[in-house]
Amino acid sequence: MEYNPQDFEQNWKKFWNDHETYKVSNDSDLPKFYVLDMFPYPSGAGLHVGHPLGYIASDIYARYKRLNGFNVLHPMGYDAFGLPAEQYAIQTGVHPAVSTQNNIERYRQQLDNLGFSFDWSRQINTSEPKYYKWTQWIFSLLFDHYYDLQSDSAKPIHNLTDYFASHGTDNVHAYSQDDHSFTAHQWQTFSKKEKDDILMSYRLAYRKTSFVNWCEELGTVLANDEVKDGVSERGGFPVVKRPMLQWALRITAYAERLLIGLDSIDFTDALKTQQRNWIGRSQGAKVIFNLEHSSDSIEVFTTRPDTLYGVTFMVLAPEHPLVNQIVTPEQSEDVNQYIQKAAAKSEKDRLAEVKSVSGQFTGDYAIHPFTKEKLPIWISDYVLYGYGTGAIMAVPAHDERDHRFATHFNIN
């Protein structure tokens, strides 16, 4: 009997579709098993070789677990928000909703041709309102909650406002990025804006000004992965660092809870290490360095306060707001040139260049809090404004990069 793969495959694809072979019921006595793939971005090009490379492996595993008596949920979806759809719309005049849907249909056809055992009744499209209404709902919960340190859990923000109205900040057990101190009477006299500003330092979802990769030509913020050598990966347009009001999550409030939770999850040690590094919890101390010619000060966070006596100079991120205030007229031109050069680099590039040394002296000095010695203040792109306080106390005797910097610029 002659084997005709086209007829054979089409027959079974139709059978699987008509009989919903891979549809999974929630009502089953079988042990549950969940196999989740990374959702593809539905571009006009269709699947690339990297998609089936991963999907084939996970599909094999899903089939293996089914044969071993598990009720296997193996869904598929589309990570459908993205800059390419916007740019395609600008270039062609085709609405992103239309082009995205056409691309999804192309992907679905290609995935079906590969014979994957997806439960298509669970398909997710992240650009559909019925999906992203839930991400917006989660965000609203984070915005309307603070972290209660006594119960080690999130509590509604109105609990905090009620407490402030009765007790002020006296004996309050709420995580905040700032040290607030006021009475109940003072709270009641604050304006709405003053109250909102205070609550913003407690909310789990909050606004802050941070430096982003801004591409004027694309009219959007880009992720570090979308920037290479100072230009956008898509189109090759110039990208600069720009301060912008952003939404952030106060992960530091519940970092310890996240770390403890990792111990009870069946992940590999390598993956758990990645998660711990991402959480980035650090124990240390904040140290304040006064400035020689200003009433302002530099705040640094260090995990090694025991090395304080070894500090010989300070380094600020080029984006640090103090830079423009402390730079001397003699150093102004060189500092501005260095800031522009650093703005063209992504954070990824700045962290990757571990062997290169660059920096610029601001002309000003900080005062060591103990020895009262003058510490020269430099800027360098190896310090990132979005990490810690955007400033470091440099200890060449105990840090390899600080030592390399001090040697290169002959800082004693």
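Predicted model: local features only at pLDDT ≥ 70, side-chain atom pairs only at ≥ 80, totals over all residues.
Student: What does Glu256 form a salt bridge with?

Tutor: With Arg281, the closest N and O atoms being 2.9 Å apart. A salt bridge here is a side-chain nitrogen of Lys or Arg within 4 Å of a carboxyl oxygen of Asp or Glu.

Student: Which parts of the chain does that pair link?

Tutor: Distant ones, 25 residues apart. Glu256 is in helix H9 (residues 255-262). Arg281 is in the loop between helix H10 (269-279) and strand E12 (285-291). Helices (H or I, at least four residues) and strands (E, at least two) are DSSP runs, numbered from the N terminus. Arg281 is partly exposed too, at 40%.

Student: How many salt bridges does the structure hold?

Tutor: There are 16. One of them joins Arg108 and Asp112, at 2.9 Å from N to O.

Student: Why are Arg108 and Asp112 separated by about one helical turn?

Tutor: Because they are four residues apart in helix H4. Arg108 is partly exposed at 24%, and Asp112 is partly exposed at 25%.

Student: What else does Arg108 do? Which ring does it lie over?

Tutor: The ring of Trp120, with Arg108 over its face at 4.0 Å from the ring centre. The rule for a charge over a ring: NZ of Lys or CZ of Arg within 6 Å of the ring centre and within 35 degrees of the ring normal. Lys374 has its charged end over Tyr365, 4.6 Å from the ring centre.

Student: Back to helices. What about Lys193 and Asp197?

Tutor: They form a salt bridge, with 2.8 Å between the closest N and O atoms. The two sit four residues apart in helix H8 (residues 192-200), which means about one helical turn between them. Lys193 is exposed, at 57%. Asp197 is partly exposed, at 41%.

Student: New topic. How many aromatic pairs does the structure hold?

Tutor: It holds 32. Rings of Phe, Tyr and Trp (its six-membered ring) pair when their centres lie within 6.5 Å; planes under 30 degrees apart count as stacked, over 60 as edge-to-face and the rest as tilted. Phe313 and Phe405 are stacked, because their centres are 5.5 Å apart and their planes are at 15°.

Student: Where are Phe313 and Phe405 in the chain?

Tutor: Phe313 is in strand E14 (residues 313-316), and Phe405 is in helix H14 (residues 400-409). They are 92 residues apart.

Student: Are Phe313 and Phe405 buried or exposed?

Tutor: Both are buried. Another pair is Trp378 with Phe409, which is tilted: 4.5 Å centre to centre, 45° between the planes. Trp378 is in strand E16 (residues 374-379) and Phe409 is in helix H14, 31 residues apart. Trp378 counts as buried at 11%, whereas Phe409 counts as partly exposed at 23%.

Student: Which residues form one aromatic cluster with Phe409?

Tutor: Phe313, Phe361, Tyr365, Trp378, Tyr382 and Phe405. Both pairs we discussed belong to that cluster.

Definitions and conventions:
Residues numbered from 1 in each chain as written. Heavy atoms only, no water. Buried < 20%, exposed > 50% of the residue type's maximum accessible area, 1.4 Å probe, protein only.
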